[in-house]
Amino acid sequence: MITLGMTNLCNIDGVLKAEAEASVPILDRGFLFGDSIYEVMRTRAGFMFGWREHLLRLTKSAEGLGFELDLDTATILQRIGATVQAAGNPESYVRIIVTRGSGSAPNIDVAYATGPLRWVVMVRPLPTLAPSARLQIIDRLRNDRRALDPAVKSGNYLNNVLGLAEAKAQGATDCLFLDAQGKVTEASTSNVFTVRKGKLCTPPLQVGILAGITRALLLDFCRTNGDEVAEVDLTADDLLTADEVFLSSSLRDIGPVTHINGKPIRDGLPGPRTQRLLTSFAAFCDRRAQTLDGPEMARLRLRG
Ligand SMILES: Cc1ncc(COP(=O)(O)O)c(C=O)c1O
């Protein structure tokens with residue numbers, strides 16, 4: 001039975017379930033092979049922030065895995081909305097997972113996928129993240145674009161799982177992956193930015209990273225404000241000698257980095273530019289959720 005106000009709720013193929021009672025079949029290809037895609041979003045004042053961008057990226061991830069989403073936007077939004085509403089959290093963490101569905105046998109060949117796709121929406125209270133991060137530049141490399149392309153947000157995150165574990169074993173809170181050429185890519189679940197002499201820099205998408213929605217919004221926000229920003233290749237040394245370093249992601253917005261490889265960035269405190277940006281960007285996101293994302297979602301759900 002579902003009671004209003006529960007905090008951890010799931011919606012599996014349209015059916016609401018308490019998270020503790022939710023399960024997927026053992027032959028689901030997401031479970032067997034990580035043959036799935038996902039998105040993580042959050043609410044702001046109850047509105048689904050950036051839902052259009054997240055659903056667009058979900059569509060691209062599906063393309064990357066060679067399947068097509070089989071639900072229309074109105075149905076996806078209806079499921080998300082119903083689950084968020086039933087959970088009744090002050091602010092919600094929302095994870096959408098789409099797997100290639102069940103197979104007729106535990107065989108990696110997609111010919112065994114009998115379909116349909118499996119759609120899961122997980123809703124939890126929005127977690128509070130640590131106010132700053134200490135990064136470790138790890139030995140493990142980010143996946144090559146010609147292997148499992150980091151631009152595809154697939155359910156196969158094992159390289160990131162192990163990268164994070166490697167960094168934590170060395171006393172850091174997150175990892176920073178380089179690519180095979182020694183270029184900076186990203187952290188386990190965030191994009192990375194530097195500030196040097198007032199200019200913001202972040203690695204270009206071509207290096208092989210997830211096209212972060214926060215990263216894109218932040219680049220737009222800064223350009224609109226007339227700030228100097230650049231998408232350029234960065235080395236480990238660029239990070240270690242930067243004036244400031246920060247991470248960006250949907251759950252943290254902007255997360256100051258205070259240490260890399262155990263060494264402080266500047267004085268080892270969140271940088272002043274980062275902190276100013278953190279406040280102004282959060283205000284921009286709150287406004288956008290209320291004036292754009294919320295009303296558009298309501299319109300589409302009514303039409304759907
Ligand atoms: C590897 C990776 N990079 C970057 C991000 C940040 O992306 P977004 O800003 O869309 O949350 C994520 C988010 O989960 C991620 O997993």
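In this predicted model, the cover over the buried residues of helix α4 includes strands β7 (133–141) and β8 (174–178). The buried residues of α4 are N160, G163, L164 and A167. Seen down the helix axis, these residues fall within an arc of 95 degrees, so they line one face of α4. The spacing follows from helix geometry: an α-helix has 3.6 residues a turn, so residues three or four places apart point the same way. On the other side of α4, L158, V161 and A169 are exposed.

Helix α4 itself spans residues 158–169, 12 residues in total. Its first and last C-alpha atoms are 16 Å apart, close to the 16 Å expected at 1.5 Å a residue. After α4 comes G171, which has a positive phi, near 90 degrees.

The ligand is surrounded by 13 residues. The closest are L210, G212, I213, T214 and S250. Helix α5 (213–224) and strand β13 (244–249) each supply at least two residues of this shell. Of the contributions, that of α5 is the greatest, with three residues. By class, the shell holds eight polar, three nonpolar and two charged residues.

A hairpin is formed by strands β1 and β2. Strand β1 covers residues 9–12 and strand β2 residues 15–18. The two run antiparallel and are joined by four bridges. I12 stands opposite V15 of β2. Two residues lie between the strands. In this turn, D13 has a positive phi of about 50 degrees.

Terms used: Residues numbered from 1 in each chain as written. Predicted model: local features only at pLDDT ≥ 70, side-chain atom pairs only at ≥ 80, totals over all residues. Pairing = 2+ DSSP bridges. Near = placed C-beta within 6 Å. Nonpolar A, V, L, I, M, F, W, Y, C, P; charged D, E, K, R; others polar. Expected span 1.5 Å × (residues − 1). Buried ≥ 20, exposed ≤ 12 C-beta atoms within 10 Å, placed from the backbone. Arc of directions from axis to C-beta. Contact = placed C-beta atoms within 7 Å.
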